[in-house]
Amino acid sequence: MSDNCIFCKIANGEIPTDFVYETQNVVVFKDINPQAPIHLLVVPKKHIETLNDLNDEKLSAELINAIQQAAKKLDIKEYRTVINTGKSAGQEVFHLHIHIMAGRSFTWPAG
Ligand code: 5GP
Ligand code: ZN
């Protein structure tokens, strides 16, 4: 738990949030400012600042599994996943999270 980290507060229940999916170490919830009809965030409960700070293989696997389980639960088979790492890449919340977006078409490469 890191002070003043919004995702720590969501993940540990300090800010009441509906979880689409939850395990002992991971939560999945809706993004507050969705960029697609479905926009979820997959978040480790432990405060890890960026993908560069993730060095736990079991947790890495749990995060990937949570993507699959959340997609299954919402019955989406086509979706985009994004991890912004660092300010210039667009990271605004410095608690690791994986975006899952679905329900519209995406172009590649993204702007
Ligand atoms: P980033 O730009 O760091 O990759 O993404 C941060 C994401 O977190 C943004 O899409 C933003 O809308 C979302 N977000 C920021 N604050 C909150 C919040 O308090 N609750 C939820 N559910 N999402 C948030
Ligand atoms: Zn945090």
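The entries below go through the metal site, the other ligand and the salt bridges.

**Entry 1: the model**
I noted before anything else that this is a predicted model.

**Entry 2: the zinc site**
I started at the zinc ion (ligand 2). Which protein atoms are its donors? I found C5 (SG), C8 (SG), H47 (ND1) and H95 (ND1). They lie 2.0 to 2.3 Å from the zinc ion. I then looked up the angles among the four donor atoms, and they run from 106 to 116°. The site counts as tetrahedral, because all angles must fall between 85 and 135 degrees for that label.

Next I traced the donors along the chain. Their spacing reads C-x2-C-x38-H-x47-H. I placed H47 in the loop between strand 3 (38-44) and helix 2 (57-73). H95 sits in the loop between strand 4 (80-82) and strand 5 (98-102). The two histidines are 48 residues apart in sequence, so the pair ties together separate parts of the chain.

Are these two histidines buried or exposed? H47 is partly exposed, at 22% relative accessibility. H95 is buried, at 0%.

**Entry 3: a neighbour of H95**
I followed H95 to H97. The side chain of H97 reaches the backbone oxygen of H95 at 2.7 Å. I found H97 in the loop between strand 4 and strand 5. H97 is buried, with a relative accessibility of 6%.

**Entry 4: ligand 1**

I then looked at polar atoms facing the oxygen atoms of ligand 1. D31 puts a polar side-chain atom 2.5 Å from one oxygen atom of the ligand. N84 also has a polar side-chain atom by an oxygen atom of ligand 1, at 2.9 Å. E92 uses its backbone instead: a polar backbone atom lies 2.6 Å from an oxygen atom of ligand 1. How much of ligand 1 does the protein cover? On its own, ligand 1 has 520 Å² of accessible area, and the protein covers 82% of that.

**Entry 5: salt bridges**
Side chains of opposite charge can pair when their charged atoms come close. I looked for such pairs and the count is three salt bridges.

One joins K45 and E22, with the closest N and O atoms 2.8 Å apart. This pair links distant parts of the chain, 23 residues apart. K45 is in the loop between strand 3 and helix 2, and E22 is in strand 1 (residues 21-22). K45 is partly exposed at 26%, and E22 is partly exposed at 44%.

Another joins E62 and K58, at 3.7 Å from N to O. Both residues lie in helix 2, four residues apart, or about one turn of the helix. Where do their side chains stand on exposure? E62 is buried, at 14% relative accessible area. K58 is exposed, at 59%.

The remaining entry pairs D75 with K77, at 3.5 Å from N to O. D75 is exposed at 59%. K77 is exposed as well, at 70%.

Definitions and conventions
Residues numbered from 1 in each chain as written. Chains lettered and ligands numbered in written order. Predicted model: local features only at pLDDT ≥ 70, side-chain atom pairs only at ≥ 80, totals over all residues. Heavy atoms only, no water. Donors = N, O, S within 2.8 Å, 3.2 Å for Na, K, Ca; no water. Tetrahedral: all angles 85-135°; square planar, octahedral: opposite > 155°, others 65-115°. Buried < 20%, exposed > 50% of the residue type's maximum accessible area, 1.4 Å probe, protein only. Polar contact = N/O pair within 3.5 Å; in protein donor to acceptor, adjacent residues only side chain to side chain. Areas by Shrake-Rupley, 256 points an atom, 1.4 Å probe, with all protein chains shown as cover. Salt bridge = Lys/Arg side-chain N within 4 Å of Asp/Glu carboxyl O.
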